[in-house]
Amino acid sequence: MPVKSLTRTPRSRRASHRFAADAGLLVVAAAFVLPLAWVVLSSLDPKADLRVRLPDSLTLDNYDQVLTPEITFTPLLNSLLLCGGGTLLTVVCAALAAYPLSRYRSRLNRPFMLTILFATSLPITAIMVPVYALFVQVDLIDTMQGTIFFFAASQLPFAIWLMKNFMDGVPKELEEAAWTDGASSFQSLLRIVLPLMGPGVAVVTVFSFVMMWGNFFVPFMLLLTPEQMPASVSINDFFGNKGTVVYGQLAAFSILYSTPVILLYVLVSRKLGGGFALGGAVKG
């Protein structure tokens with residue numbers, strides 16, 4: 001009588017591995033979905049707490065409570081000014097800095113890029129004390145423009161690194177043709193390189209804006225006037241500064257706070273999905 005083999009077949013092993021991978025993905029998905037479900041459901045629940053549950057009755061009272069100038073509109077406007085200005089300054093400076101690193105070869109390129117990579121690893125808390133002292137000396141403390149400058153400076157190293165890698169994907173032959181027609185390096189950057197690397201510019205824009213939008217520590221340290229505080233700082237008022245935490249209003253404010261970032265991603269989603277596909281542009 002034949003003895004059955006106790007070893008599993010390759011098909012059964014693949015099935016078990018697939019099941020383990022699916023189970024792991026479900027756990028990771030639940031870790032993301034449950035907090036989002038709590039925010040959405042709690043914003044519509046008049047008796048919201050820390051539990052994820054369907055509300056007994058749906059209401060928009062939580063939104064009515066937070067949709068006021070001092071709670072939502074002014075902080076969101078401050079956030080848009082700070083993050084929009086910082087993102088614009090970051091993208092412009094990153095493009096100007098990445099262009100010579102991408103187009104011109106020098107023995108200093110590699111040390112400079114490694115220095116940029118090292119700068120991205122510096123914790124923001126390690127440099128805030130000297131930055132605060134410097135801003136006090138140059139009268140930039142408690143100013144919107146000073147915070148914008150520091151936002152841009154803190155995001156610039158990684159933005160340069162990203163922009164340079166995307167710029168390397170644009171064929172240099174296209175610029176050489178423009179130079180033959182009399183275009184300057186700045187004109188070729190502005191009219192040829194940047195339009196062709198639209199997805200890269202979109203990635204740098206979204207990344208910089210999102211990192212600034214969720215930054216609590218920098219504006220909390222550099223801004224002193226309550227009327228200038230962005231939404232990332234004013235959301236702290238829901239955590240006990242005004243008494244008991246009202247979870248429904250906190251959830252409603254969180255959804256309103258997330259809306260500009262979601263809209264930005266939707267607007268540039270086409271750019272994010274694009275490619276460079278320039279192989280045929282340099283033939284013939």
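The model is predicted, so local features need pLDDT of at least 70 and side-chain atom pairs count only at pLDDT 80 or more, while totals for chains, interfaces and linings use all residues. Residues are numbered from 1 along each chain as its sequence is written, and side-chain values use heavy atoms, with hydrogens and water left out.

Residues 76-99 are 100% helix and 0% strand, with end C-alpha atoms 34 Å apart. For residues 147-163, also 100% helix and 0% strand, that separation is 23 Å. Helices here are DSSP runs (H or I, at least four residues), numbered from the N terminus.

The structure holds 9 aromatic pairs, with ring centres of Phe, Tyr or Trp (its six-membered ring) within 6.5 Å; planes under 30 degrees apart count as stacked, over 60 as edge-to-face and the rest as tilted. Among them is the tilted pair of Phe 158 and Phe 207, at 5.0 Å centre to centre and 45 degrees between the planes. This pair joins helix 6 (residues 144-167) to helix 9 (residues 198-213) across 49 residues.

Phe 253 and Tyr 257 are stacked, at 6.4 Å and 10 degrees. They sit 4 residues apart in helix 12, about one helical turn. Phe 253 is buried at 0% relative accessible area, as is Tyr 257 at 13% (buried is under 20%, exposed over 50%, partly exposed in between, with a 1.4 Å probe and protein chains only).

Technical notes. Helix = DSSP H or I, 4+ residues; strand = E, 2+ residues; numbered from the N terminus.
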